[in-house]
Amino acid sequence: MGVDKEKTENLILEKINDEEKERFTFLNTSFEEIENLPKCDLLVSNFAIPFCHPQNFDKFWKTICNSIKSGGYFLGNFFGLEDGWNINEKMIFLNIEQVREIFEDFEMLEKKKRYMMQKLEWKS
């Protein structure tokens, strides 16, 4: 599945084979409009989540977490407070404590500049 508010579906379709095209779905929408996502074992978000409006971030992050199956993975990027783009009030920027907080139900698998997070069983 691909999600983008820009019309990038054809760019993606040009790069995948016929079998992948049969399984591929695309939502041409903004983060703010997403109500739910299909359940998945792996959610990858490369340089996208920071473009979510701060007012919508908590709702969107909950949607992301609800879509990842227990034991599934999240791989993605966030922009820190020191990021050069942190002049845009329509984007979300997080400090390390905020990142740790949103990943409280995940286990960090690699500790480098890039992290892969595995979702833990839901806490009761």
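The lining of the second largest pocket divides into 14 nonpolar residues, four polar and one charged; here Ala, Val, Leu, Ile, Met, Phe, Trp, Tyr, Cys and Pro count as nonpolar, Asp, Glu, Lys and Arg as charged, and the others, Gly among them, as polar. This is a predicted model, in which local features need pLDDT of at least 70 and side-chain atom pairs count only at pLDDT 80 or more, while totals for chains, interfaces and linings use all residues. Residues are numbered from 1 along each chain as its sequence is written, and side-chain values use heavy atoms, with hydrogens and water left out.

The second largest pocket holds about 420 Å³ of space. Of its 19 lining residues, Met1, Val3, Leu37, Leu43 and Val44 are the closest to the centre. A pocket is an open set of points on a 1 Å grid over the protein atoms alone, where a 1.4 Å probe fits, with protein on both sides within 12 Å along at least five of seven lines; lining residues have an atom within 4 Å of a point. Strand E3 (40-45) gives the largest share of the lining, five residues, and strand E1 (2-4) and helix H3 (54-67) each supply at least two. Helices (H or I, at least four residues) and strands (E, at least two) are DSSP runs, numbered from the N terminus.

Within H3, the buried residues include Phe57, Phe60, Trp61 and Ile64, buried meaning under 20% relative accessible area (1.4 Å probe, protein chains only).

Thr29 lies in the loop between strand E2 (26-28) and E3. Thr29 is also buried, at 14% relative accessible area.

Key:
Grid points are joined across faces, edges and corners, and a volume is the space filled by probe spheres set on the points. Buried means under 20% relative accessible area, exposed over 50%, partly exposed in between (1.4 Å probe, protein chains only).
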